[in-house]
Amino acid sequence: MGNAGRAFAGVVAAGGVALGAVAMVPKTADVLESRHRVAATYATGSAAKAARQSMPGWLPDGATKVSYLMSTTGGDRLLKASLPDRELPEGCSKGTPQGAVHLKASWFPGDIPAKATARCGYYNVALVGNELYGWQDNAVVTAARKAGRTAG
C-alpha cells in the first residue's frame, strides 16, 4: 500500500474511532447520571419510612405500592403511592406547584405537573384517582432552607 493508501486508511480508522466515541457519549452520560439516583419500592408507607430516612413524613403509613426515586446529589425526588381513601394526606394543602420535575421514571407520567394542585411539605402533588404522584425540586428546597423556611 502506498503513502496515499496508508493515509486514507488512517483517516478511515480515526473516523471510526471518533464515530464510536460519539456513539458512546449518550450511553456514558446515562450511566453516569444513573449512578446518582436511588430507586426503591415498598409495600406500604410505613415500610418506606422505616427503610429510608429521606421518605417524607407526611406519607400515610397505610399507603401502598410506594415507588420512590431520589437524586443522591441534591433534593430532587419523585414519589408515587396508592392511597386507599383517595384523599390528600394530613398536612397537605391546596397550592400552586413550585419548581420543575428533574428526574424521570417509567411510573411517573409526564403530564403530572399539569395535574398538580397541592403541596405536601416540599413536594408538589397530584392525586389521580387513588394514586398520589409527587415531586420535589432541589432548587426550591435549597431556597426555602436558606430563607429559614421548613417543610410544612
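Strand β2, spanning residues 64-71, is mostly covered in this predicted model, with 6 of its 8 residues buried (buried means under 20% relative accessible area, exposed over 50% and partly exposed in between, with a 1.4 Å probe and protein chains only). Strands here are DSSP runs of E with at least two residues, and helices are runs of H or I with at least four, numbered from the N terminus. Residues are numbered from 1 along each chain as its sequence is written. Because the model is predicted, local features need pLDDT of at least 70 and side-chain atom pairs count only at pLDDT 80 or more, while totals for chains, interfaces and linings use all residues; side-chain values use heavy atoms, leaving out hydrogens and water.

With β1 (residues 37-44), β2 pairs in the antiparallel sense over 7 bridges, and Leu69 of β2 is the bridge partner of Ala39. Strand β3 (residues 77-82) also runs antiparallel to β2, joined by 5 bridges, with Ser67 opposite Lys80. A hairpin is formed by β2 and β3, with 5 residues between them.

Turning to helix α4 (residues 138-146), its buried residues are Val140, Val141 and Ala144. These lie on the same side of α4 because they cover an arc of only 100° around the axis, taken from the directions from the helix axis to the C-beta atoms. They pack against β5 (118-120) and β7 (131-136), contact meaning heavy atoms within 4.5 Å. The face turned away from this buried side carries the exposed residues Ala139 and Lys146. After α4 comes Gly148, with a positive phi near 85°.

Methods:
Pairing = 2+ DSSP bridges.
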